[in-house]
Amino acid sequence: VITAISMADIAALTHDIWATMAGTDLVPTDQNVTLDKSRGYIVASVQIVGDTHYVVRLDLEADLVREAAGILLGVSPSELSHEELSDAAGELANMSGGSVKALLPDHCSLALPSVVIGTDYEFAVPSGHCIMESSFIASAGKMKLSILERRK
Amino acid sequence: MKAIIVDDSTTMRAVLRRILISRGFEVCEAKHGLDALDVLSQVGATDIALVDWNMPQMNGLELVVRIRENNAYDAMRIIMVTTETGIKEVQSALSAGATDYLTKPFTSMQVDEKLAILGLMASA
């Protein structure tokens, strides 16, 4: 089913979401980027539930989310609360998940997003197998978007 | 003109609030469907409701049904603002009583277009 989605689709939907809503120009890169977790690292994910179960996962440098959240919320990035940062990351994951879901031929539903913020942690999706991964770079930081298929 | 924004995301409410206030709307907000019914019972019908689909406690579709069950809210226009873009979802929302549909991500111009179609721009 997921073969219906190309890397170009992922690049286009990501650019659309970040440029339209957060005024951030995220550029796809062929390099497998390594995120700098020292200033904060955010994982925002959302599940797509249907005949097949997918997870759309965003791994984000916190500075990138701070910049986007500041624009979305209309406040200075330095004034953002932990909750606001988390909410903005969740909404970006929600829009990414919704855009991926729209490309899937099967009827499925989108769950509510989950967000983890910290500096030193590992985030795992049990039984999740990565089937697509794209890296993006912006002036404020880097992001990876992964699509995982959960297999029983 | 009065509007209610119903979304569990603080971020999305802030984005829509900024747009609507700049167009002259008086805006109230709710975090989910049940919260929206409570707010509406206090402030009365608004000219427009911008309603997210996926929310805890009561989702947007259930809220649309509940609003349409109440004659006091007959004149309210309801726009679903959501990532749900499937034909089935759109049909469900419109059948339940939503007036129109706005897909995330969106621009302020797209919000203006929806408001104009519903006749809410000129007098806003």
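In this predicted model, the side chains of Asp63(A) and Arg39(A) meet in a salt bridge, with N and O 2.6 Å apart. A salt bridge here is a side-chain nitrogen of Lys or Arg within 4 Å of a carboxyl oxygen of Asp or Glu. Asp63(A) lies in helix H2 of chain A and Arg39(A) in the loop between strand S1 (27-29) and strand S2 (41-49) of that chain, so the pair ties together parts that are 24 residues apart in sequence. Helices (H or I, at least four residues) and strands (E, at least two) are DSSP runs, numbered from the N terminus. Asp63(A) is partly exposed, with a relative accessible area of 23%, while Arg39(A) counts as exposed at 53%. For these words, buried means under 20% relative accessible area, exposed over 50%, and partly exposed in between (1.4 Å probe, protein chains only).

The model is a prediction in which local features need pLDDT of at least 70 and side-chain atom pairs count only at pLDDT 80 or more, whereas totals for chains, interfaces and linings use all residues; side-chain values use heavy atoms, with hydrogens and water left out. Residues are numbered from 1 along each chain as its sequence is written, and chains are lettered from A and ligands numbered from 1 in the order in which they are written.

Another salt bridge in chain A joins the side chains of Asp59(A) and Arg57(A), at 2.7 Å from N to O. Both Asp59(A) and Arg57(A) are buried. Over all chains, the whole structure holds 13 salt bridges.

Attention now turns to the meeting of the two chains. Here 21 residues of chain A are in contact (heavy atoms within 4.5 Å) with 20 residues of chain B. The area buried between the chains is about 1700 Å², and carbon and sulfur atoms give 58% of it. Buried area is the accessible area (1.4 Å probe) that two parts lose on being put together, summed over both. Two salt bridges are counted between chain A and chain B, along with nine residue pairs in polar contact, both residues being at pLDDT 80 or more. A polar contact is a pair of N or O atoms within 3.5 Å; within protein, one must be able to donate a hydrogen and the other to accept it, and residues adjacent in sequence count only if both atoms are side-chain atoms.

On the side of chain A that touches chain B, helix H1 (7-22), helix H2 (62-73) and helix H3 (82-103) of chain A each supply at least two residues. H3(A) gives the most, with nine residues. By type, this side of chain A divides into eleven nonpolar, five polar and five charged residues. In this grouping Ala, Val, Leu, Ile, Met, Phe, Trp, Tyr, Cys and Pro count as nonpolar, Asp, Glu, Lys and Arg as charged, and the others, Gly among them, as polar.

What does Lys104(B) touch? Leaving aside residues up to four places away in sequence, its contacts include Glu91(A), Asn94(A) and Met95(A) from chain A, and Asp7(B), Asp52(B) and Thr82(B) from chain B. Lys104(B) sits in the loop between strand S5 (100-103) and helix H5 (108-117) of chain B, and it is buried, with a relative accessible area of 2%. Its side chain meets that of Glu91(A) in a salt bridge, at 3.1 Å from N to O. A salt bridge also links Lys104(B) to Asp7(B), the closest N and O atoms being 3.4 Å apart. This pair connects distant parts of the chain, 97 residues apart, with Asp7(B) in the loop between S1 and helix H1 (10-22) of chain B. Asp7(B) is buried too, at 1% relative accessible area. Through shared partners, salt bridges join Glu91(A), Asp7(B), Asp52(B) and Lys104(B) into one network.

Thr82(B), one of the residues that Lys104(B) touches, is found in strand S4 (residues 77-82) of chain B and is buried, with a relative accessible area of 1%. S4(B) pairs with S3(B) in the parallel sense over four bridges, where pairing requires that DSSP finds at least two bridges between two strands. Within this pair, Val51(B) has Met80(B) as its bridge partner in S4(B). Strand S1 (residues 2-6) of chain B also pairs with S3(B) in the parallel sense, over four bridges, and Val6(B) has Val51(B) as its partner there. In a regular strand the side chains alternate between the two faces of the sheet. Both faces of strand S3 (residues 48-51) of chain B are covered, with Ile48(B) and Leu50(B) buried on one side and Ala49(B) and Val51(B) buried on the other.
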